[in-house]
Amino acid sequence: MANSDGAATSGLDRILTLELARVSERAAVSAARLRGRGDEMAADQAAVDAMRRELNRLPIDGTVVIGEGERDEAPMLYIGENVGTKQGPKVDIALDPLEGTTICAKNLPNSLAVIALAPEGDLLNAPDSYMDKIAIGPGYPDGLIDLDAPIAENLAAVAREKDVPIGEVTACVLDRPRHARLIEDIRATGAAIRLIGDGDVAGIIHTTDPDETGIDLYAGIGGAPEGVLAAAALRCIGGQMQTRLVITRHEQVERAHRMGIEDVKKKYTLEEMAGPDVLFAATGVTDGNFLQGVRFGRNNITTHTVVMRSSTGTVRYIKAQHNQIEKFHLD
């Protein structure tokens, strides 16, 4: 679990910020070569292979705490896998080499390559289960939203702070049958809904810039790993988030206990999911609301990446033109 908030004591070298951007760039380019081909597994594996290769070049002693499955599912980047040169700080890593595999396979908007890095123990070691989430962006009073409050109250609170009618507030929700009641309750308030088919990391990040994305609040049940990645991003950009694991089977409870989670019904705050010094990077695979997808030119490749650090509040957008395209070829 993440440490309590406070001054950063990690000693993370700021050069890792740029190095992390390079990791997400490589994964995004590899996946983008297969976008629109209808093969989710091939695109995901290409992103995994590229991300692992670049991670193993970093001067870190890293452990994957949020990954692509259990150890017996290798060659994915599995939970517990050690990466890096081992000649650097001990860090925890949360990653999704291809966030939105279906999106990429169909060449739809907002597929990303995503990775977060923090000092050892500063990212929630969440099981690969579902997680209930609610999130808003920066600029609101602390405690404005509550996972346990009716969605109507949360939407009304956002509308009140924005000083707009509730009809001018938009919630983002994954388009899943399990959200039928949530969608009905949102529409009953008069608020709008942006339904997304996949990619709830992007959906949560979109709340941080509602003027650009049109999304004020995210709500609903998605993957726990994606929740931790989104929390890492919000720690850098600002915002509020509350979550709770959705665990219903005995074997899930046992697995959570083995990962150090004693209370599977605990409501997590943003600060409990990601510590005070987090690095986060995401590169667009397909075009989206805040990142462009990879562009393949005749003699170069263009990538669009956001890279952030929570301890400094720095958010950098990097539009890179790569003229030595052979560096993207796997060894």
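Predicted model: local features only at pLDDT ≥ 70, side-chain atom pairs only at ≥ 80, totals over all residues.

Q: Which domains line the largest pocket?
A: Domain 1 (14-123 + 278-328) and domain 2 (130-273) each give at least three residues to the lining of the largest pocket; the domain bounds come from an automatic or database domain assignment. A pocket here is an open set of points on a 1 Å grid over the protein atoms alone, where a 1.4 Å probe fits, with protein on both sides within 12 Å along at least five of seven lines, and lining residues have an atom within 4 Å of a point.

Q: How many residues line the largest pocket, and which lie nearest its centre?
A: The lining has 26 residues, and Asp96, Asp128, Asp198, Gly223 and Glu226 lie nearest the centre.

Q: What is the make-up of that lining by class?
A: There are 11 charged, eight polar and seven nonpolar residues. Asp, Glu, Lys and Arg count as charged, Ala, Val, Leu, Ile, Met, Phe, Trp, Tyr, Cys and Pro as nonpolar, and the others, Gly among them, as polar.

Q: Which element supplies the largest share of the lining?
A: Strand β3 does, with four residues. Strands are DSSP runs of E with at least two residues, helices runs of H or I with at least four, numbered from the N terminus.

Q: Where does UniProt place the "binding site" feature?
A: The unreviewed entry puts it at Asp96, Glu99 and Glu226. Although they span 131 residues in sequence, no two of their C-alpha atoms are more than 8.4 Å apart, so they gather at one spot. The lining of the largest pocket includes Asp96, Glu99 and Glu226. Such annotations may be inferred rather than shown by experiment.

Q: Is Glu99 buried or exposed?
A: Glu99 is buried, at 2% relative accessible area; buried means under 20%, exposed over 50%, and partly exposed in between, with a 1.4 Å probe and protein chains only. Glu99 is found in strand β3.

Q: What does Asp96 touch?
A: Beyond four places in sequence, Asp96 touches Glu68, Leu112, Ala113, Val114, Glu226 and Leu229, where contact means heavy atoms within 4.5 Å.

Definitions and conventions
Residues numbered from 1 in each chain as written. Heavy atoms only, no water.
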